[in-house]
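Thanks for making the time this morning.

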Amino acid sequence: MSKIVKEFIAHLGPRVTGTLHGTAKLVIIDEGSIMLSDQGAVVGDETADVTLKASEQVFRNILDGSQNPAMAFMSGKLKVDGSNMRALKVSEILTSD
């Protein structure tokens, strides 16, 4: 597991625990995949209700609020596979403090 994936898991675990219905997968290009659920964040590459794929920098920008997830999606920086409604919910969780 890369240092970057560990850092994202530590940051995202508390945000998703108890708040996410279903599952989501974040694919950080060239780094690895993180599974999100109401149980938290863990390394994994299982099937999820929605998959969000982007570079490390795009995810960092979304998390720090400097990148709007919808704009990242519309500009092609963020790829979504699965439910767009679930993707919106995941992006709300990612951008919350």
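Let me begin with a definition: a residue is called buried when its relative accessible area is under 20%, exposed when that area is over 50%, and partly exposed in between, using a 1.4 Å probe and the protein chains only. Helices (H or I, at least four residues) and strands (E, at least two) are DSSP runs, and they are numbered from the N terminus. What you see is a predicted model, in which local features need pLDDT of at least 70 and side-chain atom pairs count only at pLDDT 80 or more, while totals for chains, interfaces and linings use all residues. Residues are numbered from 1 along each chain as its sequence is written, and side-chain values use heavy atoms, with hydrogens and water left out.

With that in place, we can look at strand β4, which is mostly covered, since four of its five residues are buried. If contact is taken as heavy atoms within 4.5 Å, and if neighbours within four places in sequence are set aside, Thr-51 touches Lys-25, Val-27, Lys-79, Val-80 and Asp-81.

Now to the sheet as a whole. Two strands are said to pair if DSSP finds at least two bridges between them, and on that basis there is an open sheet of five strands, in the order β3-β2-β1-β4-β5 and with mixed pairing. Its edges are formed by β3 (40-43) and β5 (79-82), each of which pairs on one side only. Neighbouring strands are turned against each other by 20 degrees on average, with direction ignored; axes here are lines fitted to C-alpha atoms, for helices over the stretch in contact, and angles run from 0 to 180 degrees between N-to-C directions.

Taking the pairs in turn, β2 (residues 32-37) and β3 run antiparallel and are joined by four bridges, and Leu-36 stands opposite Ala-41 in β3. Between β1 and β4, which run parallel, there are five bridges, and Val-27 has Lys-53 in β4 as its bridge partner.

I would next like to turn to charged side chains. Side chains of opposite charge can pair when their charged atoms come close. The rule used here for a salt bridge is a side-chain nitrogen of Lys or Arg within 4 Å of a carboxyl oxygen of Asp or Glu, and by this rule the count comes to four. In one of them, Glu-7 meets Arg-60 at 2.7 Å, N to O, and this pair links distant parts of the chain, with Glu-7 in helix α1 and Arg-60 in helix α2, 53 residues apart. Glu-7 is partly exposed, at 38% relative accessible area, and Arg-60 is partly exposed as well, at 24%. These two residues also belong, together with Glu-56, to a network of salt bridges.

How far apart are the N and O atoms where the side chains of Asp-45 and Lys-25 meet, and what does that pair tie together? The distance is 2.9 Å, and because Asp-45 lies in the loop between β3 and β4 while Lys-25 lies in strand β1, the pair ties together parts that are 20 residues apart in sequence. Asp-45 is exposed, with a relative accessible area of 55%, but Lys-25 is buried, at 11%.

A further salt bridge joins Arg-86 to Asp-49, with their closest N and O atoms 2.9 Å apart. Arg-86 is in helix α4 (residues 84-95) and Asp-49 is in the loop between β3 and β4, so parts that are 37 residues apart in sequence are tied together.

I will finish with a loop residue. Ile-29 is found in the loop between β1 and β2 and counts as partly exposed, at 39% relative accessibility. Leaving aside neighbours within four places in sequence, Ile-29 is in contact with Lys-53, Ala-54 and Ser-55.
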